[in-house]
Amino acid sequence: MNANDQNVTYTFYGLGPDFITWFYPLDTTPIDQEILDPNGQIGLEYYEDIPGAIEHLSPFDSEWFMQKGNEEALGTLREDLVFLSTVFGMIGAHSLLAQLVGSAEERLFQYKLGAEGGSPECMVGFGQMMCLKNHVSDGWQWIEKGAEKGCEMGMLLAGISYQYGTLSEIDYKKAAYFYRRAIKEFHNFFAFINYGVMLVDANCCHTALYTFGHAMKRSESQMQLLKRKGMTNILSNIDSCEALLQLPYEVRPKHIAFEHHSPELDSSFCQKGESPRPVGAYGQKPQPWQPDNSRMVPKDIEERDNYLAKIKSREVMMEIDEKYRIFLKYDDGTPIAEVKMPALPKALYFVFLNHPEGFPLKHLIDYREELLLWYRKLSNRKDVEKYIDKLVDSTDNSANEKISRIREAFEKIKENIEMKSYIPMGAKGECFYVSVDKKRIIWKLK
């Protein structure tokens with residue numbers, strides 16, 4: 001695709017909320033240090049006599065031990081893990097025992113023992129099972145606790161939840177915190193990917209490219225999983241980021257789309273049944289996330305600062321088009337919003353714009369014909385004179401009501417710009433006027 005094509009969209013893919021169903025975390029320290037180590041408390045002598053046992057202890061393959069014909073190896077391993085847990089305090093052994101039992105209730109029991117004993121992996125595993133049993137609030141507390149205590153998978157789950165709002169409210173700062181921990185402490189591939197996606201969303205594309213580059217160095221070890229889960233498009237993020245960087249800084253957000261992999265659990269664990277989209281727990285869009293300067297490459301800081309300086313110097317313009325619609329936009333052409341108001345307040349507003357010197361409301365009768373002219377253009381009513389006569393009646397409150405409607409129309413615009421100069425201002429008995437410079441008003445009427 002041509003980066004200069006104004007219609008091109010670059011899609012970035014991240015690991016989504018369904019990750020909670022993929023795996024349960026394991027603490028293999030009891031096996032590595034006490035069973036496979038000849039000098040460990042158990043040693044590998046017994047397992048050497050069972051064909052295939054050692055090969056399936058590292059990496060740990062619970063399915064092999066649960067297969068028919070391996071009952072003796074399974075029973076011995078269970079006994080050894082219980083011994084290491086109860087006698088030597090290796091609480092993480094419960095995360096392994098949870099994979100060597102036959103029912104969900106037994107698995108939950110093992111994770112609960114380990115979680116209450118202080119194992120980070122068991123905390124996360126117990127939390128996952130609680131969530132899958134629809135005890136989301138309690139389950140999330142265990143997951144976050146295990147993440148804080150150092151469980152790699154817990155960090156990833158916590159980052160995903162805070163990013164998408166699945167088990168918790170959306171909090172981009174906390175999502176970034178857990179992703180960065182998983183990156184720093186474990187060089188986690190998926191943490192690199194999702195953190196990179198967050199950086200793209202913050203328009204920190206140079207830092208995102210650097211992050212995706214680190215992920216690609218670790219992609220080979222994840223290739224089998226990516227293919228099995230249909231997620232190889234995650235690997236296209238780096239190419240999309242390179243292409244996006246060919247566009248000017250200020251237009252990049254218009255060319256970005258995001259997709260996350262969550263086909264199974266798009267809404268199962270979201271608060272109030274909402275889908276995991278960045279709308280917040282109560283339907284409100286969270287504040288945009290921006291990383292600290294210390295976590296960005298210099299090029300991103302330079303581009304951002306140049307852009308902020310540019311937009312700070314922009315002026316707001318008002319344009320009235322051939323259909324009498326009112327639009328606010330910046331002087332560089334960037335649109336802001338349409339200012340929508342009923343026909344009668346708009347007729348009064350156009351009279352104010354045509355008379356920047358202003359006038360007291362009690363003199364509004366002097367502008368009756370001009371008000372009629374505008375109102376006929378703006379309204380399909382047949383009895384327009386009745387409403388105009390009420391508007392110009394100095395004993396009626398209609399004019400003040402219409403000015404309030406004008407003010408409300410501008411105040412509905414949620415941009416961080418000064419609206420005061422566009423709103424009729426004045427005091428009782430004195431002139432009301434719109435103070436905006438006439439050079440900032442563009443009439444496009446035929």
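Reply: Happy to. One thing to keep in mind is that this is a predicted model.

Me: Okay, how many helices and strands are in the protein?

Reply: The protein has 20 helices and 8 strands. Its radius of gyration is 32 Å, well over the 22 Å that the globule rule gives for 446 residues, so the protein is more spread out than a compact globule.

Me: What box do the C-alpha atoms fill?

Reply: Roughly 105 × 45 × 35 Å, taken along the principal axes.

Me: And how much of the protein is buried?

Reply: Buried residues account for 50% of the 446. The protein exposes about 23000 Å², and 47% of that comes from carbon and sulfur atoms.

Me: What about contacts between residues at least 6 apart in sequence: what share joins residues at least 24 apart?

Reply: That share is 58%.

Me: Let's switch to helix α20. What span should its residues give?

Reply: Helix α20 runs over residues 398-411, which is 14 residues, and at 1.5 Å a residue it should span 20 Å. The C-alpha atoms at its ends are 20 Å apart, so the two values agree.

Me: Which residues of α20 are buried?

Reply: They are S398, A399, K402, I403, I406, A409 and F410. These residues cover an arc of only 140° around the axis, which means they sit on the same side of α20.

Me: What covers them?

Reply: The cover for the buried residues of α20 includes strands β3 (316-320), β4 (326-330), β5 (335-339) and β7 (431-432). Helices α17 (343-354) and α19 (384-392) are also part of that cover.

Me: New topic: how many aromatic pairs does the structure hold?

Reply: There are 26 aromatic pairs. One of them is F126 with W142: the ring centres are 5.6 Å apart and the planes are at 75°, so this pair is edge-to-face. F126 belongs to helix α8 (residues 120-132) and W142 to helix α9 (residues 136-148), so the pair, 16 residues apart, links distant parts of the chain.

Me: Is F126 buried or exposed?

Reply: F126 counts as buried, because its relative accessibility is 6%, under the 20% cut-off.

Me: How are the rings of F352 and F359 arranged?

Reply: Their centres are 4.8 Å apart and their planes are at 5°, so that pair is stacked. F352 is buried at 0% relative accessibility, and F359 is buried too, with a relative accessible area of 2%.

Me: Last one: which residues form an aromatic cluster?

Reply: F19, W22, F23, F189 and F190 form one.

Notes: Residues are numbered from 1 along each chain as its sequence is written. This is a predicted model: local features need pLDDT of at least 70, side-chain atom pairs count only at pLDDT 80 or more; totals for chains, interfaces and linings use all residues. Side-chain values use heavy atoms; hydrogens and water are left out. Helices (H or I, at least four residues) and strands (E, at least two) are DSSP runs, numbered from the N terminus. The expected span of a helix is 1.5 Å times one less than its number of residues. Buried means under 20% relative accessible area, exposed over 50%, partly exposed in between (1.4 Å probe, protein chains only). The arc is that of the directions from the helix axis to the C-beta atoms. Contact means heavy atoms within 4.5 Å. The radius of gyration is taken over C-alpha atoms; the globule rule is 2.2 Å times the number of residues to the power 0.38. Accessible areas come from the Shrake-Rupley method with a 1.4 Å probe; for residues, only the protein chains shown count as cover. Rings of Phe, Tyr and Trp (its six-membered ring) pair if their centres lie within 6.5 Å; planes under 30 degrees apart count as stacked, over 60 as edge-to-face and the rest as tilted.
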